Amino acid sequence: MAAQIVIAPLLIALFTAIATLPLRRFPRAQRAASILGALGYLGAVALLAGRVADESILVYQLSAWPSPFGITLVADALSLFMLGLTAIVSLASVAFSARFMSGFAQRISYHTLYHLMVVGITGSFLTGDIFNLFVWFEVMLLSSYVLVAFYSGPEHTRAALTYTVLNLLGSALMLLAIGGLYATVGTLNMADMARRLATPAQFGVDPVPVLGLTVLLFCVFALKAGIVPFQFWVPAAYRAAPAPVTAMLAGVVKKVGIYAIIRLYFTVFAAATLPAGLGLPGFVGNDFLSFFGPIMFAMAAGSILLGGIGAVSRDDLDGVLAYSSIGQIGFVVLPLAVAATVPEVRPLAIAAALVYALNHGLTKSMLFLASGTVKEAVGSVRFERIGGLAKRTPVLSIGFFLGAISLIGIPPLSGFFGKLLVFRTTAHAGALGGRGGAVALGLSLVGAILTIAYFSRAWNRGFWGTESEGVRTATYAPSLVVIVVALAGLLLLVGIGFDPVLRAAEAAADIALDRQAYVDAVLEGLQ
């Protein structure tokens, strides 16, 4: 019975989506139901976290068939870490939506689509098989397609069309890879796949096609996460979507791709060994991770450099934040690349990636909500039209400033610890003789300098600049400012009380690397 709590966040998000449909004629009741649903989701995640802390891994079967044949949901420290981020950002974004979105926009199924997106995100974090990972991805993306195009202007439609076409191509590629894996490995259950890949001769599995199929899957996850060279949809989509939707896209939806990389490549595919002759010279190990390490490193480097340089050259706040998201996701992938090539640092590296992902999710969500608050009040977020914000609205400006210095990595904000763990990972890898360690450390420093550059430029031009007429006459919604400041305060609280966050990240990293514990819990001694 205890395992049934696993499905609670999924059911609450689904019931909230359904409940908001008949309430469209009653706007206040609809907004209340949406916010209560987000609060209920947060409570369910908290209860589930308590159970996982007691039992390590909880498994729930959605069908009468046991694993590996039935539909399995798995909750462990890794999935709970990501669900916690989802719950916090979702609550802030939906509360922001209740005041930010027009009454008409909220009546035409905005809240239903929003919570269906949360359903897809939740299912992606909890699923125990690869096919249902595809299904939950589609639930999440189908809702986000409409939300990106929600304002229906030419710019929004163009951005949504690009976003939709690219993700549909990615989904087709993902389905092709999943079908190939089923034909090659003989199962779609993640635990069973890990078991078969660990002893391929016993199950007649050929690792050569598996390697090629995992490359296809990796491209799909990189597209979902907006990692270079699959980042080109990010700036247009983030600018087009309503601010609370962009907060979810940047803060949480991107992390679904990161979660899939950690879960599949460090828990499942790491069990496989490279065929003779396919290992890359100069890198430690002969498992699949040693093949993907250099690829991840190149993509992380491209993301950090392209995102940072792109953000420095933007003339509007949304543009800076959109390109910054590309650069910051590189900081999440970088320790994963180091982990793939230097096995000794894998627990530290995955913990570093998760802490950085958490900080980026909270901070970037808050910054996009701050940008939305400015845009609603002033009508623009171009720097020449928002000068003097620090003088006109000091409370909102303080919130933005805290978010900026958190991403830069100034203590005691949470971003400091994310940057510190990334630096520790790269330095430790270099000390152990990993060829990429010193290069990764240098890349981290360059990325940090670029972060300082584009946020300093945004602050000087948009907040300390000459006060514009639009800023002087603007009226700022107090409720929106409160939400932004609350998230900024959370960044400070996470930094001050960082120990529980670090323990949660370390537990998530340990469970991601403990393949046998995952297999035993899901398959219940089948092997």
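Reader: How many residues does helix α21 have, and what does α21 reach from its first C-alpha to its last?

Author: Happy to start there, and do keep in mind that this is a predicted model. Helix α21 covers residues 498-513, which makes 16 residues. At 1.5 Å a residue the expected span is 22 Å, and α21 comes close to that with 23 Å.

Reader: Where on the helix do the buried residues of α21 fall?

Author: The buried residues of α21 are F498, V501, A505, A508, A509, I511 and A512. Looking down the axis of α21, these buried residues sit within an arc of 170°, so they line one face of the helix.

Reader: Which residues are exposed on the other side of α21, and what covers its buried residues?

Author: The cover over the buried residues includes α3 (77-100), α11 (243-268), α14 (346-378), α17 (414-431) and α20 (478-496). On the other side of α21, the exposed residues are D499 and R503.

Reader: Which residues lie nearest the centre of the largest pocket?

Author: The largest pocket holds about 520 Å³ of space. Helices α2 (27-55), α3, α14 and α21 each supply at least two residues of its lining. Of the 22 lining residues, those nearest the centre are A77, L80, F81, P500 and A504.

Terms used
Residues numbered from 1 in each chain as written. Predicted model: local features only at pLDDT ≥ 70, side-chain atom pairs only at ≥ 80, totals over all residues. Heavy atoms only, no water. Helix = DSSP H or I, 4+ residues; strand = E, 2+ residues; numbered from the N terminus. Expected span 1.5 Å × (residues − 1). Buried < 20%, exposed > 50% of the residue type's maximum accessible area, 1.4 Å probe, protein only. Arc of directions from axis to C-beta. Contact = heavy atoms within 4.5 Å. 1 Å grid on protein atoms, 1.4 Å probe; cavity = no way out; pocket = protein on both sides within 12 Å on 5 of 7 lines; lining within 4 Å. Points joined across faces, edges and corners; volume = space filled by probe spheres on them.
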